[in-house]
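Please read this report alongside the sequence and the coordinates.

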Amino acid sequence: MTRIPSKAEILDWISAHPTQTSKRDIAKAFGIKGADRIDLKRMLKELEAEGHLQKRNKTYRDPDQLPPVTVLLVKAPDDNGDLYAQPLEWHGEGVEPIVLMVTSASGPALGQGDRILARLSKVEGGDHHYEARLIRRIGINPKRVIGIFRKGTEGGRIVPIEKSSSNEWIVMDDAMQGARDGELVEAEQAGPKGRMGLPRARIITRLGDPSAPKAVSLIAIHQHGIPDEFPDKVVAEADAAKPMGLSGREDLRELPLITIDPADARDHDDACYAEADTDPQNPGGHIVWVAIADVAAYVKTGSALDREARKRGNSSYFPDRVVPMLPDRLSGDLCSLHEGVARACLAVRMQVDATGNKISHRFVRGLMRSAASLNYVEVQDAMEGRVTERTESFVEPVIKPLYAAYEALKKARSVREPLDLDLPERKIILSDTGEVTSVAFRDRLDAHRLIEEFMILANVAAAETLIKKRSPLLFRVHEEPAPEKLESLRETAMAAGFPLAKGQVLQTRHLNALLNGAAGTDDAELINISTLRSMQQAYYSPENFGHFGLALRNYAHFTSPIRRYADLIVHRSLISAHGWGDDGLSAQEIEGLDETATHISDTERRSMIAERDTTDRYLAAYLSERVGNEFSGRISGIARFGAFVKMDETGADGLVPVRTIGREFFHFDAEAGTLMGADTGLMISIGQRVTVRLTQAAPVTGGLELELLTIEDEQLPKGGGGPGRGGNRRSPAGRNVKRKAGKSKHKAAKVKRKVERNRRT
């Protein structure tokens, strides 16, 4: 039986190790295991009841000592100009500790009344007990703004870059931080806004020239609070990491695994290989290997690397840069499956039958060596006979077997029928200096689909294994559409002449039938977009609710631990479930899975919004030189203040302000989602084909303003002697446009407006 430490020994440990005071830390320090933990728990509760310890966030500490990280209230400077702070978490007896703020010239200015989170260091002797260093301001959670600084005679103003914001902010002389006129800055609210006048702000970061091409993604990074600099301790941990050897691993180095990625990929976290199955019980079957970088071997639970990775949640991808989840020493080196280099991995061997169904699988913790790092285009070219010196030796032994296995997986996919949306993805092409040179459609090759199917199969295998072993994990959840959204989609489809039956349990095959029916028609894009908008957003959860879009019952993310924290959790769970080492999923992580799932779902959405905003700004910069040009497009949204148009060529969204559509009054019908001219009867609704002229492009905000020229190939009606004046309800052009909008368009617009409003919210 383990010796339980005395109360004095426990108190001494907590005093000497203020950052390692959870019950788990204490148990580990004294070697307490199994049932003896019950006695430790009882003793800690007694110490807490006696007032010797205070429990806070599952850790114990001496109530007469301040925690190493605590909340402080900054006081006014003393006669010598020194800044002191009041510890708001002091609950001990006797004299309250004196805390001196240690500030730096490059740090933000602190003032009386600021509530901050600070790191404390105990001081022996002297006139104060602790020294505090700022981590961040908290408390009032001051509002932040990204904008253009305009210098005035006394201070200046900040013009926000957000399209939705019109209020400027006042900056006083002592809060400018040396900002120059026209510079892009980040600022925070400097005090409560009065009943009248503009809010006051203090500049906290100068971001440079807003017109510089590479400032575009920087704006989104700061605007959405995406961490883009690694703390020194995180970088130091990554730099100290060493390559993993074969000890405790299965040797996969002779297996000709290859990576297939975009040509400009910086990291390679997945590799694959396939071969014909020689098992006579599986005629025509295949063996598929998927190997994934063993990130868990380098990013240990509770380490600085782990805390930073969890904080970021995922990598964020912009046209000109990547904000990675892990430092480059790991993401671009030790955890990247580079060609010809031995790398640690978690791999799954899957047996697939001739119809693409997975018969069995097993996971291994191994050491692999990538036979080649190929890109999608060269793999596709090689398969189609356009062989190069680089791919020639891989065609027969590697590439063709991969495609043979993919053909089998396609059969299983056709039976399962996952949601098959046809929404071409546009790619922004940048020059070396960061200017947009073109906007192109991303290629969708069989090589892309092959990798997708292999990764999905591996993700399913991971989920099934962990369910079978009763090991906690994070599932990738995608729930079926909400009833009201499904009804809206049904009305939209029926208005366009495509059925979507009621009275049955919705399955993806029903939606695919709708999409296939619309394929090749003028309404194809509208039906695809409406179907997409009817979907729930996918998220992470420790509970399994299935993946509706993929038509899968069990699904977890396993294949991208370099760029997604959820995958790292799944890796750790696999390590624990197989007993592969002490770097698996910890008890503390298991307790916090709900919180982690919510957090990383939020960071994923944050990245998506930031990436979308960056795309909008790049498109606005690209189109700014084409102001005055005409473009074709489709009405994608209706609001009281105007109509949104998605332009065909670039996919950019622009606004047609209602004030520019003639000089008549337009009635806005929120339920129907339409604008109707009071004089001409002109009807504007979602889905109509239009021609527009670009009148304004604002790269800093990403805003585009358009002028409406034609609707459904008809010129806008002219009334009252000139364009847009007064007008005749019986105008032939007005009747034609109204007729083409028609009853069905009106009915469809009612639903589409609701969906659009939900998306924009």
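## A buried serine in a helix

S534 is found in helix α13, which covers residues 524-534. Helices are DSSP runs of H or I with at least four residues, strands are E runs of at least two, and both are numbered from the N terminus. S534 counts as buried, because its relative accessibility is 1%. The classes are simple: buried means under 20% relative accessible area, exposed means over 50%, and partly exposed lies in between (1.4 Å probe, protein chains only).

What does the side chain of S534 reach? It reaches the backbone oxygen of T531, at 2.6 Å. A polar contact here is a pair of N or O atoms within 3.5 Å; within protein, one must be able to donate a hydrogen and the other to accept it, and residues adjacent in sequence count only if both atoms are side-chain atoms.

## Basis of the model

This is a predicted model: local features need pLDDT of at least 70, side-chain atom pairs count only at pLDDT 80 or more, and totals for chains, interfaces and linings use all residues. Residues are numbered from 1 along each chain as its sequence is written, and side-chain values use heavy atoms, with hydrogens and water left out.

## A positive patch

Which residues gather in a patch of positive charge on the surface? They are K23, R24, K28, R37, K41 and K45. R37 is found in helix α3. R37 is partly exposed, with a relative accessible area of 36%.

Patch members have over 30% relative accessible area and no salt bridge; like charges are joined within 9 Å, and nonpolar side chains (Val, Leu, Ile, Met, Phe, Trp, Tyr) within 5 Å. Lys and Arg count as positive, Asp and Glu as negative, while His and the chain ends are not counted. Each charge is placed at NZ of Lys, CZ of Arg, CG of Asp or CD of Glu.

## Salt bridges

Side chains of opposite charge can pair when their charged atoms come close. The rule for a salt bridge is a side-chain nitrogen of Lys or Arg within 4 Å of a carboxyl oxygen of Asp or Glu. By this rule the count comes to 36 salt bridges.

E168 and R157 form one of them, at 3.4 Å from N to O. E168 lies in the loop between β9 (156-160) and β10 (169-171) and R157 in strand β9, so the pair ties together parts that are 11 residues apart in sequence. E168 is partly exposed at 27% relative accessibility. R157 is partly exposed too, with a relative accessible area of 41%.

How many residues apart in sequence are the parts tied together by E250 and R362? Their side chains meet in a salt bridge (3.6 Å, N to O). E250 lies in strand β13 (residues 250-251) and R362 in strand β20 (residues 358-369), so the pair ties together parts that are 112 residues apart in sequence. E250 is partly exposed at 31% relative accessibility, and R362 is partly exposed with a relative accessible area of 37%.

E384 and R386 also meet in a salt bridge, at 2.5 Å from N to O. E384 is partly exposed, with a relative accessible area of 46%. R386 counts as partly exposed at 44%. Elsewhere, salt bridges that share partners join R249, D294, R365 and D583 into one network.

## Positive phi in loops

E417 has a positive phi of about 55 degrees, although it is not a glycine. E417 sits in the loop between α9 (395-416) and β22 (426-430). At 28% relative accessibility, E417 is partly exposed.

A551 is not a glycine either, and its phi is positive, near 55 degrees. Its place is in the loop between β25 (539-541) and α14 (565-578). A551 counts as partly exposed at 28% relative accessibility.

## Two C-alpha pairs

R444 is found in the loop between β23 (436-441) and α10 (446-468). R444 is partly exposed at 45% relative accessibility. The C-alpha atoms of R444 and E425 are separated by 9.1 Å, and these residues are 19 apart along the chain.

Is H222 buried or exposed? H222 counts as buried, at 18% relative accessibility. Helix α4 (residues 215-223) holds H222. The C-alpha atoms of H222 and T205, 17 residues apart along the chain, are separated by 9.5 Å.

Definitions and conventions. Accessible areas come from the Shrake-Rupley method with a 1.4 Å probe; for residues, only the protein chains shown count as cover.
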